[in-house]
Amino acid sequence: MPDLRWGLTVPFNGVPLNAHADLYRRAEAAGYDDLWSGETANGADGFTPLALAAAATERMRLATGIVNPFTRGPGLLAQSAAALQEASGGRFVLGLGASSDVIVERFNGLEFDKPLSKLREAVERLRPVLSVPAERGFGGMKLERPVTTPVPIVLAALRGRMLRLAAEVADGAFTNFLPISGLPRVVEELRAGAAAAGREPESVELVCRFFLIPQPEDQALGFARFMFSAYGSVPVYTEFFRWLGWGEQLDPMVEAHAGGDRGRAAELAPVDLMREVFLFGTPDEIKARLDEFAAGGITTFVLTPLAGPEDLPGLIDALAR
């Protein structure tokens with residue numbers, strides 16, 4: 001079984017980027033292994049928080065979680081990855097994912113088409129350039145500052161075909177909003193992909209981002225409802241939860257959200273599913289839940305504490321392994 005890794009999502013909500021360095025150093029001192037950036041539709045880009053972390057840390061692995069090959073071409077991705085690998089002294093991991101039609105088409109004016117093929121193509125184009133010794137990549141590209149440490153590639157994957165692709169061509173899979181009852185199916189698909197590619201299942205890292213609400217469940221559910229109804233109504237997540245058998249409980253919420261009634265959608269968010277996805281309670285209660293995910297096959301935790309900036313230093317310490 002691969003070693004368990006303990007990470008955090010960056011940037012931290014409510015904290016200016018120029019004030020992150022102390023929190024990065026605090027996390028490293030507390031024993032965290034990783035920092036994974038969270039590139040959302042309208043937040044910070046996936047690389048800048050890690051560039052800041054490269055200067056403030058010495059040991060932690062720094063990973064994009066995730067950036068996409070629709071809005072960045074292979075040349076730009078290779079340059080960015082190589083630069084962060086150099087700046088961090090070989091600690092960078094490139095997390096790639098398909099993103100969504102909203103980000104790719106509405107916000108960037110590009111075409112969102114065949115995401116599975118796009119990710120396979122991206123890995124094929126990036127591997128030669130980000131390997132040691134480096135080879136020429138797409139269009140004959142050869143980096144002026146080639147990497148001296150190979151850059152691992154992790155693919156964001158929710159359902160079967162993408163999980164199998166990650167096991168076939170990448171070094172790991174990155175999942176998100178995973179109900180614990182769905183973990184066996186995710187692991188099964190990942191192992192099937194590894195077996196088909198002639199790889200040992202243990203060689204494929206399984207990363208999961210967790211959203212933590214450090215409050216008793218009855219107090220936390222109100223906020224969780226609105227967050228879950230927004231995420232769960234995005235088509236890629238709706239299909240993910242349907243794939244895991246939650247369609248009947250989920251569909252009323254999705255219908256209300258699509259009709260513009262966000263308040264009603266939050267009311268209809270399935271509580272049983274939210275209990276499986278979110279981690280509520282004290283740091284010790286949260287860690288007990290994480291133990292269950294580790295036993296089920298997750299090898300890297302990416303923790304996202306949903307709390308105010310004034311609570312973050314204490315939570316970083318309390319949630320450390």
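**Helix packing in a predicted model**

Helix α5, which covers residues 115-126, has 12 residues and reaches 16 Å from its first C-alpha to its last, close to the 16 Å expected at 1.5 Å a residue. The model is a predicted one, and the points below take up the buried face of α5, the crossing of α1 with α2, and the crossing of α8 with α10, together with two residues of α10, Glu 255 and His 257.

**The buried face of α5**

- The residues of α5 that count as buried are Leu 119, Ala 122, Val 123 and Leu 126. Viewed down the axis of α5, these buried residues fall within an arc of 95°, so they line one face of the helix.
- The elements against which the buried residues of α5 pack are the helices α3 (74-87) and α6 (160-169) and the strands β4 (92-96) and β5 (153-156).

**The crossing of α1 and α2**

- Helix α1 (residues 21-30) and helix α2 (residues 48-56) have axes that come within 9 Å and cross at roughly 60°, and because of that angle α1 is oblique to α2.
- On the α1 side, the contact is made by Ala 21, Tyr 24 and Arg 25, while on the α2 side it is made by Pro 49, Leu 52, Ala 53 and Ala 56.
- The crossing in which α1 passes α2 is right-handed.

**The crossing of α8 and α10**

- The axes of helix α8 (residues 217-232) and helix α10 come within 9 Å and cross at roughly 85°, an angle that makes α8 roughly perpendicular to α10.
- This contact is made by Phe 228, Ser 229, Ala 230 and Gly 232 of α8, and by Leu 250, Met 253, Val 254 and His 257 of α10.

**Two residues of α10**

- His 257 lies in helix α10 and, with a relative accessibility of 16%, counts as buried, because the cut-off for a buried residue is under 20% relative accessible area.
- Leaving aside residues up to four places away in sequence, His 257 touches Ser 229, Ala 230, Ser 233, Arg 262 and Ala 265; Ser 229 and Ala 230 are also among the residues through which α8 makes its contact with α10.
- Glu 255 is likewise found in helix α10, which spans residues 247-258, but Glu 255 is exposed, with a relative accessible area of 63%.
- Although Glu 255 and Ser 233 are 22 residues apart in sequence, their C-alpha atoms are 8.4 Å apart in space, and Ser 233 is also one of the residues that His 257 touches.

Conventions. Residues are numbered from 1 along each chain as its sequence is written. This is a predicted model: local features need pLDDT of at least 70, side-chain atom pairs count only at pLDDT 80 or more; totals for chains, interfaces and linings use all residues. Side-chain values use heavy atoms; hydrogens and water are left out. Helices (H or I, at least four residues) and strands (E, at least two) are DSSP runs, numbered from the N terminus. The expected span of a helix is 1.5 Å times one less than its number of residues. Buried means under 20% relative accessible area, exposed over 50%, partly exposed in between (1.4 Å probe, protein chains only). The arc is that of the directions from the helix axis to the C-beta atoms. Contact means heavy atoms within 4.5 Å. Axes are lines fitted to C-alpha atoms, for helices over the stretch in contact, and angles run from 0 to 180 degrees between N-to-C directions. Angles under 35 degrees count as roughly parallel, over 145 as roughly antiparallel, 65 to 115 as roughly perpendicular and the rest as oblique. A crossing is left-handed if the near helix is turned anticlockwise from the far one by less than a right angle, and right-handed if clockwise.
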